[in-house]
Amino acid sequence: MRAWLTALSAIVTRENLRFVRQRGRFLAALVRPLVWLIVFAAGFRAALGLSIIPPYQTYITYEVYILPGLCGMIQLFNGMQSSLSLVYDQEMGSMRLLLTSPLPRWWLLFSKLLAGVIVSILQVAVFLGIAALTGITVPAVGYIAVLPALLLSGLMLGALGLLISSTVRQLENFAGVMNFVIFPMFFLSSALYPLWKMAESSPLLRDICALNPFTHAVELIRFALYGELHLTALAWVCASFVLFMLAALWGYDPARAMLRSKG
Amino acid sequence: MTRLEISQVSYSYGSRKALDGVSFSVEAGRFCALLGPNGAGKSTLFALLTRLLATAEGHIGVAGFDIAKAPRAALARLGVVFQQPTLDLDMTVRQNLRYFAGLHGLSGRSAVLAIDAALTQLGMAERADEQVRALNGGHRRRMEIARALIHGPEILLLDEPTVGLDAASRQAITDHVHLLAQSGLAVLWATHLVDEIRPDDQIVVLHRGKVLRNGSAPDLAGGEGLAKAFLTMTAEDREVLA
């Protein structure tokens, strides 16, 4: 067991070292949600009327509503960024080094996943700090209660990234991931508008949003920020994580690995 | 004592057969050159030996462990230098080695001692705190060999480790790995360059996924020299190209 934890620590340390070096990645991860929070939310505040919906007790501003969705956005982008880095690692060969370690492959991939999630939680923490400085706050307990929610949602989105990296073998194909995964997941969710609002324009789109695991990640984070547990969202996020992780492990099975790359 | 045993191993990429009934073994203290032209199946065999690929056809034994049944025990006894560099260029030499030591469950003082010993053995101790990006190709390769030795493997696999190096670096690395074999390691060295082979090395000639010959350098060379014998054995490719 000690060897397992040593490997986990080595992988987390490496990811953090890489993250600290990539200041551009850190800034981009922060600027993106801040632009949404400060510019987009200001523009849409008047256009979108929100009723009182759980977990909120009163009418809220649009900035307050989208705060959890933007936390989810950071994790979504980070999950895909990790996926990109896995594809890069495969092309550069360092994935081989990881996979030839004498530890179970699922543990190595889980460690890699967890390392990325820790980075995403750091990004969310800084984002919430900046949001608080601009006056967008949540109850104090929420800043602690959100940590396990961020861990779970990060693992689920990271596992999705891992699954994608097991199917996308070249960096050039990664733009497709942006178009076909990140944007639909983000816009077809409750990150920017509540589902009842979506139902007003299209019940079908509302149903699609309700099936989107990212919606449940956002709701898990939203309720956790107010010290509450959303059990349905928790179940969805956990089930999606297990599903994505099992599929990713299947994708990285040595009996299947590299088949596509060699034709 | 047999350290690496490969028996009737086959592997296909879809309908294309990359390896076809490959069998040979490497003893402790032997330098075995896996000699073959590009596309012979060397990298596929290395992927199977390191369990990046798996096959149901044939048997691979690493230090007595079946890689299909006990992959972790087998991988713990393998040191690997991949053809493609697998270094993190923006980390220092020591950070790279510490990461690898961690992947093999080594931490704390035991990791520090193993890293220092491997760096000293490869003459890289004074470069431990340099960024890998600052090292030349020869030193990067040395570092990768040092890294492959950290966990005390019984078998060292090197997949065309001298590709892209200048003549002096090639010579130095080839000499050093021969010394490692003399110290008791079983070495499997994939190459297509006959000048990296010494007279007392074992040679396995792999061509189109099959073992054409398995013997010592003088046996294979006959009277015509190793380079010419190798070219003759693998001549059909050039005839096709011509």
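**Exercise 1. Name the residues that are linked with Arg14(A) in a network of salt bridges, and describe the pair that Arg14(A) makes with Asp88(B).**

Solution. Arg14(A), Glu15(A), Arg18(A), Lys112(A) and Asp88(B) are linked in a network of salt bridges, where a salt bridge is a side-chain nitrogen of Lys or Arg within 4 Å of a carboxyl oxygen of Asp or Glu. The model is predicted, so local features need pLDDT of at least 70 and side-chain atom pairs count only at pLDDT 80 or more, while totals for chains, interfaces and linings use all residues. Residues are numbered from 1 along each chain as its sequence is written, chains are lettered from A and ligands numbered from 1 in the order in which they are written, and side-chain values use heavy atoms, with hydrogens and water left out.

Next, take the pair itself: Arg14(A) and Asp88(B) form a salt bridge with N to O at 3.3 Å. This pair crosses between chains, from helix α1 (residues 2–21) of chain A to the loop between β6 (78–81) and α3 (93–103) of chain B; helices (H or I, at least four residues) and strands (E, at least two) are DSSP runs, numbered from the N terminus.

Finally, Arg14(A) counts as buried because its relative accessibility is 6%, and Asp88(B) is buried at 10%; buried means under 20% relative accessible area, exposed over 50%, and partly exposed in between (1.4 Å probe, protein chains only).

**Exercise 2. Find which parts of chain B are tied together by Lys42(B) and Glu160(B).**

Solution. The side chains of Lys42(B) and Glu160(B) meet in a salt bridge, at 3.2 Å from N to O. Lys42(B) lies in helix α1 (residues 42–49) and Glu160(B) in the loop between β7 and α6 (167–182), so the pair ties together parts that are 118 residues apart in sequence. As for accessibility, Lys42(B) is buried at 4%, and Glu160(B) is buried as well, with a relative accessible area of 7%.

**Exercise 3. Give the strand order of the open sheet in chain B, and identify its edge strands.**

Solution. The six strands of this open sheet follow the order β6-β7-β8-β3-β9-β10, with mixed pairing; two strands pair if DSSP finds at least two bridges between them. The edge strands are β6 and β10 (210–216) of chain B, each of which pairs on one side only.
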